[in-house]
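Let's take a walk through this one together. Have the sequence and the 3D view side by side as you read.

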Amino acid sequence: MAESDNIVVETAEKIFADLADPQTINNDKKDAWQAPLWQALTEAGLPLSWVPDDLGGSGASLADGFALLNAAGRFAVAVPLAETMLAGWLLAQAKIASPDGEMTVVPASPKDRITLNADGSLSGRARGIPFAKAAKHFAVLAHGTGGVSIALVDAAKARIEAGLNVGYDHSDTVTLDNVQPVTLKPAPKGFDQTTMMLMGGVARSLQIAGALESMLDISVRYSNERVAFEKKISKFQAVQHNLARLAGESAAALAAATSAADAIANAKSFDDEVYLEAASAKIRCAEAAEKGGGIAHQVHGAIGFTMEHILHRYSLRALAWRDDFGSESHWAVELGKLVANRGADELWPLVASR
Amino acid sequence: MTAALRFDPIRLPPECEQLRKEVRAFLAEEIAAGTFDPHKPNREDTDAPEFSRRVGAKGWLGMTWPKKYGGQERSFLERYVVTEEMRVANAPTRRFFVADRQSGPVLLKYAPEHIKMEILPRICRGEICFAIGMSEPNSGSDLFAAKTRATKTDGGYLINGTKIWTSSAHIADYMIAIFRTSPPTKENRRHGLTQFLVKMKQPGIKVNPIGQITGQYEFNEVVFTDYFIPDDYVLGEVDGAWKQATSELAYERSGPERFLETYYVLTELVRAVGPNPDTRSAEGIGRLVAQLHTMRRMSVSVAGMLQAGKEPVVEASIVKDIGTVWEQQLPHRVRDLAAFVEETATNRETLERQLDFAIKTAPKLTIQGGTTEVLRGIIARGLGLR
């Protein structure tokens, strides 16, 4: 993407460039870079971008926040920025103020479900919660007899089984066993777990698109440096065509993700059109993560397969992000059902409506 | 600076949606009147002169061109809507599509005023058909190897040689072709070709149809024997066609026709699986729709760039690369997904007939109008690799 034209993104990019240089953080085996980066992001108000001023946030627009997530994807930083943003956004839906510190959202899969008990406590098990281990609070979406509620939960009250995703980031199992939330309020009318999954899916799509942009950049740069058979490998047609395909996958991911973000930012409700945009973004970006990441590795050869090289920071995270908030298989089935249910002659009008 | 390209989320403005309604209503009337059958892509009525005139009468041909040449001075986004609705309906656009998309814009840019006044309004009225004379028996993707000679004579040029794979030459009234006016130079192998307007159906031109693997006869061999072209039919700079070819490519390569050519089999698959598909069918359809939606958003974005006066040649190449590979694979994916469709599905026969044709059509999609290999070369150049 060209130089940003947006102050939120500019601020974030400057912080990332100063404190999250990919080679530097890749060399830091103790992850000592994470605390100063998080502090700088917090001081700039970025983790609570989507929280209005009166609820303790910085009140950025949805569009600016989405652009920030795309930038975060370009740096593939292992801090819970997207997660805290989503948590703050979820809490704000029910007018719950966001506390300081790291947060994440529960659940993070369409299959998991948290129950609101009659006594106002929460129970349930949610797998694959990104950065649960690092979070001080959870923003929880729960189902009770009266409908859907949104709750702020103290992370210390949950049982957390630590795990790692494909990209070596925390992806933990969170179990709530009659946990009393800090605050609990009903979700607004029409807001449900699908809404939350679509929003999370678009966040991940933007991050994947950002990671692909970086993979394209470093692959092009590497191909112009690496010499084999007495010439730069960028001069081989087979390599050129692979990189052209990577550019295509990167472009498709960015187009799908930014289109879905634009759709949500301008939507009055999560109707079929927004569903098409958001589900398509997750499906297409996940496919691009596989195809595009595969090409980036092929271009790099063995060096890209090492922990010392930065490529895996992007390629593995892009693959890991496919799993959060509904995999591409999940959304493909759901989108396929929606299309079939609308009927053959309503498919084109749906596509053309965007 | 990064290598990645932007595809901003352009939305079609409200006037497009009004226009879309008009186009759909028009096409519904044409279908009802029996002009064409939207379920039969493999029909022989692709040359529909009366339909062409009625589209012209609607003001939907040359619609972005200046009014003085018969155009409507409407936007590329409006043209986009007309194009995609026609394509999805399988309307018989063959007679006017090339002129509207490509030949007209070339004439607008390079033809002398009196030629523009004579020909452009006729394109807008849907009266005339254009062909493009690029490939030759020994020059396809390598455009600048063309050998058909244009020899200077009194008041014009004499043409001798052969063009090949020329779509619609058998029905075309005009062709825009490149001919060799000088040999290439050592410094520039692209030098020496000139773009000409050619009036078809004249002595000195012989059109020989070539059968395609679909069973159709859409492309041709066109043999020129001492065919005379007057001086005022030269388009642009003599020997300088290579400077003129590139900017057109963005128009030619990014439109909805670059991913919708086999779309009909997807509609028919959705019909065949019915409202409650099994998981396999649902996932397959979901992925195809997500891919289709993404390509369309990219393609609309390029249309927005064109409207803004940009020359998004690399972006357009990406759209055509991804789009044509997709529309080529589509019939095969649909065939996979249709494998377990109930024998009793009411449209089963229609789907099978369509698949038969789409599978035969598929191989050409990544060849016509710039092969996948050529496109990837252009994208690689855009990435700074060559």
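Which residues of strand β1 (residues 130-133) of chain B are buried on one side, and which on the other? Keep in mind that this is a predicted model as you look. On one side sit F130(B) and I132(B), on the other A131(B) and G133(B), and all of them are buried. In other words, both faces of β1(B) are covered.

β1(B) runs parallel to strand β4 (residues 174-180) of chain B, and four bridges join the two. If you want a spot to start from, find F130(B) and look across to β4(B): the residue standing opposite is Y174(B).

Zoom out to the whole of chain B. Of the 386 residues, 52% count as buried. And if you take the contacts in chain B with a separation of 6 or more, 75% of them are between residues 24 or more positions apart.

Next, the domains. The assignment for chain B gives domain 1 (14-128), domain 2 (132-240) and domain 3 (254-382). Take the pair formed by domain 1 and domain 2 of chain B: their C-alpha centres lie 25 Å apart. Where they touch, 13 residues of domain 1 are in contact with 12 residues of domain 2. On the domain 1 side, helix α4 (residues 94-110) of chain B gives the largest share, seven residues. By class, that side of domain 1 has seven nonpolar, three polar and three charged residues.

Finally, bring in the other chain. Here 46 residues of chain A are in contact with 46 residues of chain B. On the chain A side, the elements giving two or more residues are α6 (193-225), α7 (237-265), α8 (272-300), α10 (328-342) and α11 (347-352) of chain A. The largest share comes from α7(A), with 15 residues. Sorted by class, the side of chain A that touches chain B has 26 nonpolar, 13 polar and seven charged residues.

Technical notes
Residues numbered from 1 in each chain as written. Chains lettered and ligands numbered in written order. Predicted model: local features only at pLDDT ≥ 70, side-chain atom pairs only at ≥ 80, totals over all residues. Buried ≥ 20, exposed ≤ 12 C-beta atoms within 10 Å, placed from the backbone. Contact = placed C-beta atoms within 7 Å. Pairing = 2+ DSSP bridges. Nonpolar A, V, L, I, M, F, W, Y, C, P; charged D, E, K, R; others polar. Domains from an automatic or database assignment.
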